[in-house]
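Please look over the sequence and the structure before reading on.

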Amino acid sequence: MTDGTRTFADAREWARTGTKLLLDAVAGLDEAGFCAPSVLPEWTRGHLAAHVAANADALCNLVHWAATGEETPMYASPEERAAGIAKGAAMSAEELRSWVTASAQALDEGWDRLTDEQWQHEVVTAQGRTVPATELPWMRAREVCIHAVDFGTGAGFADLPAGFLTALCDEVVTKRAAAPGPALTLRAPATGAAWDLPGDGEAALVTGELHDIAAYLTGRSAGPLTADGTPAPALGAWL
Ligand code: ZN
């Protein structure tokens, strides 16, 4: 079970790693800590915690779908998704931590119960993509790994597995290639990773550590300097 550079086993491992980072991020937060801003504009850490917990609940709906064939979408509506995030502002630190922990555990247990055949069943994501259930661990890995960093409590992209960062860059480059934006030549010489992103103008050469390039491509940093010492071109929002 592979998709490009990542395997199903990789994705489950990364989901586990990211979940651990996520639980570490919320472990030490008190009420004031959850009220503080996250790295994401307009979201407190409470909003972010609620979003990640609601994401696990939503993925559990897809696990149920894969297991039973009963069509249970991630979110009943966009309003339901927004309500889940807003709820975070009103919850206590203890409630948020328990929700994050219990939802992550329920999702993992749900995965453990799926048979090989059920993993192949198709489900529809919140973005409307039809995918086999084997895609769910990657979707979760992306959420927990990146949002663990977004809490701003210490974890950075450099703490994420290199394989995860490579698969993430693969995906973001593919997505960005389909939208307007600057042409980029991206190189991470230490790992040999390289991407050529087609786009407007002559391609700017952006070279750096793999984690710096991943943070740049996902809109989490302004990025490493280009080869001629100028700032990397600004990128539009991702996701
Ligand atoms: Zn998210």
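## Model and domains

The structure is a predicted model. The domain assignment of the protein gives two entries: domain 1, covering residues 8–155, and domain 2, covering residues 162–217. The C-alpha centres of domain 1 and domain 2 are 26 Å apart. Where the domains meet, 6 residues of domain 1 are in contact with 5 residues of domain 2.

## Helix 1

Helix 1 runs over residues 8–27 and has 20 residues.

Which residues of helix 1 are buried? They are Phe8, Ala11, Arg12, Trp14, Ala15, Gly18, Thr19, Leu21, Leu22, Ala25 and Val26.

## The largest pocket

The largest pocket has a volume of about 1,100 Å³. Its lining is made up of 34 residues, and those nearest the centre of the pocket are Gln127, Arg142, Glu143, Trp238 and Leu239. By residue class, the lining divides into 13 nonpolar, 10 polar and 11 charged residues.

Which helices each supply at least two residues of this lining? Helix 3 (45–68), helix 7 (136–150) and helix 8 (162–177) do. The largest share comes from helix 7, with 6 residues. Seen by domain, the lining of the largest pocket draws at least three residues from domain 1 and at least three from domain 2.

His64 lies in helix 3. Its relative accessible area is 33%, and because this falls between the 20% and 50% cut-offs, His64 counts as partly exposed. Leaving aside residues up to four places away in sequence, His64 touches Gly69, Glu70 and Thr72. Gly110 is 46 residues away from His64 along the chain, and the C-alpha atoms of the two are separated by 7.9 Å.

Met74 is found in the loop between helix 3 and helix 4, the latter covering residues 78–87. Is Met74 buried or exposed? Met74 is buried, because its relative accessibility of 6% is under 20%. Residues up to four places away in sequence again not counted, Met74 touches Asn55, Ala58, Leu59, Asn61, Leu62, Glu80, Thr125, Ala126 and Met139.

Glu42 sits in the loop between helix 2 (31–35) and helix 3. Although Glu42 is not a glycine, it has a positive phi of about 70°. With a relative accessible area of 78%, which is over 50%, Glu42 counts as exposed.

With residues up to four places away in sequence left out, Val149 touches Val39, Ala155, Gly156, Phe157 and Leu160. Arg16 is 133 residues away from Val149 along the chain, and their C-alpha atoms are separated by 15 Å.

Gly163 belongs to helix 8. At 34% relative accessibility, Gly163 counts as partly exposed. How far apart in space are Gly163 and Gly110, and what is their separation in sequence? The two are 25 Å apart, C-alpha to C-alpha, and 53 residues apart in sequence.

Key
Residues are numbered from 1 along each chain as its sequence is written. This is a predicted model: local features need pLDDT of at least 70, side-chain atom pairs count only at pLDDT 80 or more; totals for chains, interfaces and linings use all residues. Side-chain values use heavy atoms; hydrogens and water are left out. Helices (H or I, at least four residues) and strands (E, at least two) are DSSP runs, numbered from the N terminus. The expected span of a helix is 1.5 Å times one less than its number of residues. Buried means under 20% relative accessible area, exposed over 50%, partly exposed in between (1.4 Å probe, protein chains only). On a 1 Å grid over the protein atoms alone, a cavity is a set of points where a 1.4 Å probe fits but cannot get out, and a pocket is an open set with protein on both sides within 12 Å along at least five of seven lines; lining residues have an atom within 4 Å of a point. Grid points are joined across faces, edges and corners, and a volume is the space filled by probe spheres set on the points. Ala, Val, Leu, Ile, Met, Phe, Trp, Tyr, Cys and Pro count as nonpolar, Asp, Glu, Lys and Arg as charged, and the others, Gly among them, as polar. Domain bounds come from an automatic or database domain assignment. Contact means heavy atoms within 4.5 Å.
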